[in-house]
Amino acid sequence: MNPSMAITEAPGLFTADGLTGLIFLIMMAVTLIGGLIACCAERLVRAVAGLMVCFIGVAALYYFLNSPFVAMMQMLIYVGAVCITIAFAIMLAAPEESKKNGPAGPLSGPLGFITAGIVTFGLIVMALRTQFPILPKVNQGTAKEIGIQLLTQYSMVFELISIVLLIAIIGALVLARAGRSK
Amino acid sequence: MSLTVLNVIVAVVIAIGFAALNAAYLVWAERRGAARIQRRPGPNINGPFGLLQPPLDGIKLMTKQIMIPGGADKILFMVAPVLAMAPAILSFVTIPFSETIVAHNMDIGLLMIFAFASMGALAVLFAGWGSRNKYSVMASVRAVSQNVSYEIPMLITAITVVMITGSMDLKVITNAQAGGFWHWNIFPSLHSPLMPLSFILFFICSLAETNRAPFDLGEAESELVAGFHTEYGSMGFGLFFMGEYANIVIGASLTTILFLGGWDCPFGLFPGVWWFLLKIYLLIATFIWIRWTFPRTTIYGLLNLSWKILIPLSLFNLLLTAGLLKVF
């Protein structure tokens, strides 16, 4: 399965490759549909639901890529925490379901379509031109191996990310405090 | 290849069947248990001991018309019950019932169960919001704030066990406790003198995570009609209940695996799946017993219990265990 090779013929549907490909396509469809719902939904709660579907699709892709740990973290953090926080915020802040309002930005309309078209074209060209080298499998992707890597080779990145999270928490606290004194 | 496919199909059927059977008959057990505690007969008409009640209830629920309230968000309203049931069934995939009876053992099995369990709160949120009923919305906000706050001490306590065992593989955790009940995690050891406390913390959290009394603030019928499923009838309501009971089974299974030695026999006799089932049904009986014995708490008392008592205790427990593991 070398993607840089020209595919001479499609594998049959009920072979191992065929079924794997089918599952991959289903996951891609789930991710894309979820993303579309998240962007296009007029009700905010539905947008969150779409975002959740999108995250589940991405988690499935991680699992497909043989890293169940990342997939489960995606479920735990993005679906289980981020989506719930957003939904909670919507319920606490906007009791009335508001339709889209406010002036449209300068990018809506033809300019937006042109921009999206250029970006899409660029991505397609990039994907088709790139030679995808097949890298050797580093490890099994278990929690233990990921933990060892995170605390040795990537410890700097790991610590920096925790600082980013700390700043986010402090920022949220400052904002909430300012609101409370009003 | 075909054998693998067959394995997958058998595992899926067994997982769904086990979840559905338990959900149906735990409702019966709950009603009988409640009746016994309240000194009345309970459902005893249909079949011996009322054992035909669950299938008849199922037929009744499935033949009822699905009523969707006028202002409701139809899609969210329909999706929420499914979302309540599906993660519960998915979690059964990785629970080892015995050395051999496990659908797909993963080295991150514990993480997987927590990942899917965290989706349950979204079902409650969507149900409450989709109903367009202020009681439902209030109930779902309550239920989710409760779920979120009890997930923290539960995860921290689970991490304590993971640190002692050195693995998130549920099979490895069970095997580490093999050989007599004094090896079980519930009893204190050199590395973890506070293990009984961990067990109590975990048990309280699993009661709260499954929205059971005395923590069933999301279904406080004296204040909120019926809570987040006020507007649900027919099988939508049925799915919420099946999801709740499936979650109870998962909570009991996790407690058994983490603290009570899984399928290990207390005296080293006949290890097998029956010990596992015995332990989880004893725990579930305790769940039912607690539900019908204790009055409901208040929402503030509930959140204060988590943030002011359970989280500091579990953090202290975690640090103590980490320190002792490093020293010894």
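**Exercise 1. Helix H4 of chain A**

Decide whether H4(A) in this predicted model lies in the open or is buried, and check its length.

Solution. Start with the burial count. A residue counts as buried if 20 or more other C-beta atoms lie within 10 Å of its own. H4(A) has 20 residues, and the number of them that are buried is zero, so the helix lies largely in the open. Next take the length. H4(A) covers residues 110-129 of chain A. At 1.5 Å a residue it should span 28 Å, and its end C-alpha atoms are 28 Å apart, which agrees.

For context, take chain A as a whole. Six helices and zero strands are found in chain A, and along the sequence the pattern reads α-α-α-α-α-α. Of its 182 residues, 15% count as buried. Among the contacts in chain A with a separation of 6 or more, 48% join residues 24 or more positions apart.

**Exercise 2. Helix H2 of chain A and the residue after it**

Compare the span of H2(A) with the expected value, then describe A:Asn66.

Solution. H2(A) has 21 residues; from first C-alpha to last it reaches 30 Å, close to the 30 Å expected at 1.5 Å a residue. A:Asn66 follows this helix and sits in the loop between H2 (44-64) and H3 of chain A. Its phi is positive, about 70°, although A:Asn66 is not a glycine. A:Asn66 has 11, so it is exposed.

**Exercise 3. A helix pair across the two chains**

Describe how H3(A) packs with H4(B), and name the residues that make the contact.

Solution. H3(A), residues 68-93, and H4(B), residues 109-117, pack at an angle of about 25° with their axes 8 Å apart. Angles under 35 degrees count as roughly parallel, and that makes H3(A) roughly parallel to H4(B). Their crossing is left-handed. From H3(A) the contact takes A:Met72, A:Met75, A:Leu76 and A:Gly80; from H4(B) it takes B:Leu111, B:Met112, B:Phe114, B:Ala115 and B:Phe116. By class these are eight nonpolar, one polar and no charged residues.

Now widen the view to the contact between the chains. Chain B gives 24 residues and chain A gives 20. On the side of chain B that touches chain A, H3 (74-91), H4, H5 (120-131) and H6 (134-165) each supply at least two residues. That side has 21 nonpolar, one polar and two charged residues.

**Exercise 4. A helix pair within chain B**

Work out how H8(B) and H10(B) run relative to each other, then list the contact.

Solution. The axes of H8(B), residues 195-209, and H10(B), residues 234-259, come within 10 Å and cross at roughly 165°. Angles over 145 degrees count as roughly antiparallel, and the two helices are therefore roughly antiparallel to each other. The crossing is right-handed. H8(B) contributes B:Phe199, B:Phe202, B:Phe203, B:Ser206 and B:Glu209, while H10(B) contributes B:Gly251, B:Thr255, B:Leu258 and B:Phe259. This contact of H8(B) with H10(B) has five nonpolar, three polar and one charged residues.

Key:
Residues numbered from 1 in each chain as written. Chains lettered and ligands numbered in written order. Predicted model: local features only at pLDDT ≥ 70, side-chain atom pairs only at ≥ 80, totals over all residues. Axes fitted to C-alpha atoms, helices over the stretch in contact; angles between N-to-C directions. Helix = DSSP H or I, 4+ residues; strand = E, 2+ residues; numbered from the N terminus. Parallel < 35°, antiparallel > 145°, perpendicular 65-115°, else oblique. Left-handed = near helix turned anticlockwise from the far one by under 90°. Contact = placed C-beta atoms within 7 Å. Nonpolar A, V, L, I, M, F, W, Y, C, P; charged D, E, K, R; others polar. Expected span 1.5 Å × (residues − 1). Buried ≥ 20, exposed ≤ 12 C-beta atoms within 10 Å, placed from the backbone.
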